[in-house]
Amino acid sequence: MKTSADLRQDFVRNVQLRHLRCFVAVAQERHLARAAERLALSQPAVSKTLSELEAIVGTRLVERSKEGRRGVQGLTPAGEQLLAHALRVLEALDASAQAVAPASGGRIERLRIGALPSAAPALLPAALARLRDGWPSVQIMVKSAANAALLDELRAGELDLVVGRMSDPRLMGGLSFELLHTEPLVFAVRAGHPLALKAVSVQAVLAYPLVVYGEGTSPRHNTESFLSARGLVLPTHALQTLDVAVARALVAVSDAVWITPLGAARGELADGRLVRLRIDTAGTEEPVGLLQRSDAEPSALRAAMAALLREAAKQQGALPPRRKPGKPRGSA
């Protein structure tokens, strides 16, 4: 029976970069065939390399999908731990390569940001515009998705930071969360909607088409909890979407009511394109925060973006008073 010291020595002697590159690719792609394509290898070669690494470590690292041998259901606890270290090794290797490359090599700095569809509109635009002022050559990628998917990609090293929400403690391993602000649900409609200029009941709202977030999201859970506390149930025919652009456009051309976190509709509510119904949603506030990998190497670029997001969050105060109908913007 090998001791822990023996296993550590075996790992140091036998692990190679190809093992770590293969493991990271499998962890990020969650599919052996896609990992093989990314590494320009055959699928059997990837499977063999992964098996070699598991033999070196002395335990399983990957949970195979029940649907087939190619799929990956997730990582084991040992795999999660190894992934964090493997990412650091490969990042350090990349940094070393950049350090010895000729200065004229044209290194491109890159920032990969993940954001909830409901949080991105209020926080990202101003922060990204200011970041571009200070970092004009940086390559920026923004991905919008559900919280669980964003956290998976952050932990796998595919995203550098995420504007999202706290999650199940099992999904928060290796991640830090910094509160930016909290936002309540709002019931938003187009200007001129039959319910827009009067106090209304939640029951009355349910008589109109609804636009809500998809199952498994925090806004959807909060919506259902809000209705349940009043003895109501979300209609089964409510339209579900994570696409805030689709939701805004639909509400703008119909009598649909959009139940959404405030941040997703803040701009339209502020300039009068949408109107917030007079429904008390106290108690639906949800925290929105900045998530990063706890073990990530320090980065001036990432730190700059984090600071700009904090500043953007500070600007999320109360909505300006609603303009009176017919009064031109900017008039006294």
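The structure is a predicted model. Helix α9, residues 218-228, has buried residues that line one face of the helix.

**Helix α9**

- The buried residues of α9 are Pro 219, Arg 220, Asn 222, Thr 223, Phe 226 and Leu 227.
- Viewed down the axis of α9, these residues fall within an arc of 165 degrees, so they line one face of the helix.
- In general, an α-helix has 3.6 residues a turn, so residues three or four places apart point the same way.
- His 221 and Ser 228 are exposed, on the other side of α9.
- The cover over the buried residues of α9 includes the strands β7 (185-190), β8 (210-212), β9 (239-240), β10 (257-261) and β12 (286-293), as well as α8 (202-205).

- β7 and β10 run antiparallel and are joined by four bridges.
- Leu 185 has Pro 261 of β10 as its bridge partner.

**Salt bridges**

- Asp 160 and Arg 112 form a salt bridge through their side chains, at 3.0 Å from N to O.
- Asp 160 is in the loop between α7 (147-155) and β5 (161-164), and Arg 112 is in strand β3 (residues 110-115), so this pair ties together parts 48 residues apart in sequence.
- Asp 160 and Arg 112 are both buried.
- Glu 153 pairs with Lys 143 in a salt bridge whose closest N and O atoms are 2.3 Å apart.
- Because Glu 153 lies in helix α7 and Lys 143 in strand β4 (residues 139-144), the pair ties together parts that are ten residues apart in sequence.
- Glu 153 is buried at 17% relative accessible area, whereas Lys 143 is partly exposed at 31%.
- Arg 248 and Glu 268 meet in a salt bridge of 3.4 Å, N to O.
- Arg 248 belongs to helix α10 (residues 244-252) and Glu 268 to helix α11 (residues 262-270), so the pair ties together parts 20 residues apart in sequence.
- Glu 268 counts as buried, with 12% relative accessibility.

**Surface patch**

- Leu 17, Val 89 and Leu 93 make a nonpolar surface patch of about 210 Å².
- Leu 17 is in helix α2 (residues 17-29) and counts as partly exposed, at 38% relative accessibility.

Conventions: Residues numbered from 1 in each chain as written. Predicted model: local features only at pLDDT ≥ 70, side-chain atom pairs only at ≥ 80, totals over all residues. Heavy atoms only, no water. Buried < 20%, exposed > 50% of the residue type's maximum accessible area, 1.4 Å probe, protein only. Helix = DSSP H or I, 4+ residues; strand = E, 2+ residues; numbered from the N terminus. Arc of directions from axis to C-beta. Contact = heavy atoms within 4.5 Å. Patch = residues over 30% accessible without salt bridge, like charges linked within 9 Å, V, L, I, M, F, W, Y side chains within 5 Å. Areas by Shrake-Rupley, 256 points an atom, 1.4 Å probe, with all protein chains shown as cover. Salt bridge = Lys/Arg side-chain N within 4 Å of Asp/Glu carboxyl O. Pairing = 2+ DSSP bridges.
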